[in-house]
Every structure is written in C-alpha cells, then in structure tokens.
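Hi,

Here's the structure I said I'd pass on.

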Amino acid sequence: TVQCFVNVAHLKKIDKLIIISFVATFIMTLLVVVFILLMKQMLLYFDDIIGKGLSWGDLGTLLFYMSLTLMPSALPLAVLMASLITFGNLGEHFELTAIKSRGISLTRALLPLFITVVFITIGAFFSNNYLVPKASLEAYSLLWDIKQKKPALDIRPGTFYNGIPDISIKVNQKFKDGITLKGVIIYDHRNKVGNKDVTVADSGKMYTILNDQYLKLELFNGYNYAESSGTGTDETGRATMDESFRKSKFSKTEMVLDLSSFGMQRTDTKWFKGNRIMRNVAELDYDMDSVSNLMMSQKVGLYANQTNFFSHHFKRDSLTMPPDVEEFKTRNDSLAKNNAAKNENGVTNYAYPYTSGMYAPKLLVPSNITEKEQHISDSLFALKTTKMEVANALNRARMVKSQLQTYNANTDSQKYEYTVFWIQWHKILASSIACLSMFLIGAPLGSIIKKGGLGVPVLVSILFFILYYVLDLLGTKWARQYTISVHTGVWMANVILFGIGLIFLRQARVDARLFDADFYNVALDKLKKRFPFLAGRASVA
C-alpha cells in the first residue's frame, strides 16, 4: 500500500512536470508562430498600407485582429512544436528513460499532455467558431478602408501634387525641415471654372493645424492672378460675356486647405458579413439552407414552366417532379396559403403559380362551311404558314435553350456557393481537430528523436506542417472542383497525419531508433539474411 501511494505521488509530480514544461513551451511557440505568420500575411498588403499615414492605433488594431485570424493555422503548428520540443528535451536529458524505469509506459506519460491538448482543441473550436469570424470581419473591413484611404500628404519638388481636392500645388524646392518651400505655384479649381485662379509665390511655409485636419500655407512675395467671366447685355439687348482680369501683389498671404479627405472613413461592417470566413457554424448552416431553398425554388419553377417550353401532343404529356422537389413545392405552397390567410384576415384568395399539364386548344369551325371547302382551306393555309411555323418553332427552341442555359448557369453558381460554405463549415472543425493530429505526431516523434531546443524539432515541425498545409490545400481544391467529396477533401490532411502519428506512437513504444544509422544497418542485415540473393548483388556491386 505504501508503495502504491509512493507511485501515485511520483505520477502526480511527473504529470505536473510534463504539463508545466509543455504549457510554457506552447505559449512561447504560439507567440513565435503567430508573429511569423503575421509577418508573412502583412507582406501581402504592404503596398496597400505603406505611405497612407496610418496612426499607431489603426496599425495596432489591424495587427491585433489579423493575428487572431491566423489562430486556425497557428494553434496546430504550436502544438506540434511544443510537444516535439517537450518530449525531445525529456529524451535528451534522460528524463524519459527514468520515467520508463519506474514502470511508467510511454502512453501513460503522454496521458496528461493528451488531456491538455484536448482542452486546447476545445478552445480552438470556440476560437475558430466565434473569435476568428469576428476578428476577420474587423480586420478585413479595416484593411478595405485602409486601401480606400488617400496616401499621406507628400508634396515633392518639381511635380504637381493633386491629392487635395480642387487644388494643384507645385514647389521647386523643399527644405529639409519639411516646412520651408521655395518657388510655389498653386492652381485653385474650387470655382469649377478651369485654370483661372493662380497664385505664384517666391517662398512659403507649409504645416498642418487642428490635429492635422487642415493644411496652412504661408506664402511670401508673390502674385495672385484671377480671371472672372459674367453675362451682360449690349445696346441691342443681346446677352454678352464680360471677362475681367485681376492681378494682385502680396508680401505675405495665408491659405488654409481642408484635409478631411485624407482621414480614414470607416465602412459599416454589415457589408462584409456575407463572406464565408466571417461566419460561424450556425450562420453557415443558415446560409447553406438559404442557398438550398433557392436552388429548389428554381427547380420547381423549371418543372412548372415545362408546358411553356415544350408543345405536348396530348394533354397528359408532362415531366414528373422528383419526390424531393414535389415535397419542397408542397411545403412552400402550404406556407404560402397560411401567409395568405393571415394577410387576408381569414379570407382566402389563392393564386397557384404552378401548373402540371397543358390542354391543347380546340379549333372552332363555322357550321356553314362544307367538308370539301374546309379541306381546301386547310391545305392553302398549311402552304402559307409552313415557313412561319418553322420560324416560330426555331425561335421557340432558341428561347428554351437560352432559358435552360441561364438556369444551368445559376444552378452551377449556387452549387459552388453551397460547396464553399460547406467546406468552411467543416474547416472550423477540422482545423480544431488538427491539434490532436499534430500532438500524435509531435510527442512520439520527440521521444524517438531525443533532441530538444529549437534545432531539429523546428525543422521536423516545419516539414510536417508543410505536409499538412499542402494536403489541406489539395483537398480543398479538389472538393471545390467536385473531384472528391467535401468530407474527404477537408478531412484528408487530418486522417493522413493521424495515421502517421499512430505509426510514430507504435515505434516510440518499442523504443525504435528511426533516426539512428545503426537501426537501418541492422534492418538491412536482416533483409540480406532473409533474401540471400540481395547479399550477392551487393558484393558484386
């Protein structure tokens, strides 16, 4: 009994040691991974951000939300690196050997970390489902506003600057202080009359006032040229154009220009909510249901309009609706009847938009025409109308073809949209479960490699993460192209890595030395003994 209590106490200490080592390493690697992925992501938008004069608050907000959007990729990689480094350190310092010498199996040593990773997986799901969509909404809406923002005020010598609305400015020289100017020309187009208001100054100063909302120009030793035109009448009473020219000299003048157009205008985030990456599981379910209902409604309309597309020889000629379409139509008709009854306060007045058949109209023949006359008249009418009937038939066929092509195009578009939402629905779950798959690779592989630190574990982690990333991209691409099912495409990477992890776990339990040269030499010797002809070939070579 005493020995049992001692073993339990040792197990608790070992579990605590392993968990503390893993959590500390996990936090560190998560921060590093997020930083690396964030820098890679921001490089894509570097040209859109640089030179916009963003405040530190806007830039910090963008980086914060963008880092949250990277959590679905960062968490699995951090779990892989942390588990690999943790068990690599235990193996390198012979702590794992000491644990096994106490009769504790590798799977029992992995148990506390497995439970910890399960909690991380649950947290990853809530993060992917609630936090990441909102962060994506804020990040990409802010990024859109940054792209629409005008570049910061940057007046360069020798070129006209037209960033300020209705103002064109040119300076010949700009001093190092960024304020003093030499040789200033300003065209004022605020009166919408062309280049008829020009200010020329020998020198000047430029700076912003009132929290950078206005640009103040102090101009020295210059002239203002203004040309105005108006309407008048001559001696005969006809309208004439009166033009006047004004030139004024100044030693100092001031001009204040509005810079409100340089401020960043925030767009309402509701215009971005429809994107798939900004939706959680419940919202994606609603989106897929809406798309499915739209597809079924169009299919019901197609079957209902078949009598307009095709001329039936018999009144019962028709295309039968599939059971699912018929059920959808019946349900929608019931809902429409209930809504109509409510709107009419109990007075029912239904109009059915769908028909199931087409009855051929009967030709009414006057009773005073004989059968022979009727036959001759029908023959002459047939001769006259043959070409017209053919033309009408061709036009009708073209119309039907065009309508069916439009229907097919709409159906393909909606099917693709449904598939995209369905893929995103599975990705929220798959990227969370990826933490478990990465743990099953990292922990056993770390105990096999027996190398800690940031050397070999980082290299191995990168290789397996690239494998996961490539498999995920291929699966998503094939699912969008309908080459494979959505379930197979999205979960393919997890299933393959899960299988690799089980293989590594089996090898780690038997202390396999997969990364030692002796292991392969022994395996080769066993192979030669089993197949002697291989040894003969090796000696000949």
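Tyrosine 130 sits in helix H6, which covers residues 106-148. Keep in mind that this is a predicted model.

Now the inside. The largest nonpolar core has 64 residues, and Phe26, Leu30, Leu62, Phe87, Phe439, Leu445 and Phe464 have the most contacts within it. Among the elements that give it two or more residues are H6, helix H1 (2-44), helix H10 (371-449) and helix H11 (456-480). A separate core of 18 residues includes Ala201, Met206, Leu219 and Phe250.

Leaving out neighbours within four places in sequence, phenylalanine 439 is in contact with Val79, Ser83, Leu110, Leu113, Phe114, Val117 and Pro444.

E1 (residues 160-161) pairs with E2 (residues 167-174) in the antiparallel sense over 2 bridges, with phenylalanine 160 opposite lysine 170. Five residues separate E1 and E2 in this hairpin, and aspartate 166 in the turn has a positive phi of about 65 degrees. E2 also pairs with E3 (residues 180-188), again antiparallel, over 7 bridges; there valine 171 has valine 184 as its bridge partner. That hairpin has 5 residues between its strands as well, and glycine 178 in the turn has a positive phi of about 75 degrees.

Cheers

Terms used:
Residues numbered from 1 in each chain as written. Predicted model: local features only at pLDDT ≥ 70, side-chain atom pairs only at ≥ 80, totals over all residues. Heavy atoms only, no water. Helix = DSSP H or I, 4+ residues; strand = E, 2+ residues; numbered from the N terminus. Pairing = 2+ DSSP bridges. Core = buried A, V, L, I, M, F, W, Y, C linked by side-chain atoms within 4.5 Å. Buried < 20%, exposed > 50% of the residue type's maximum accessible area, 1.4 Å probe, protein only. Contact = heavy atoms within 4.5 Å.
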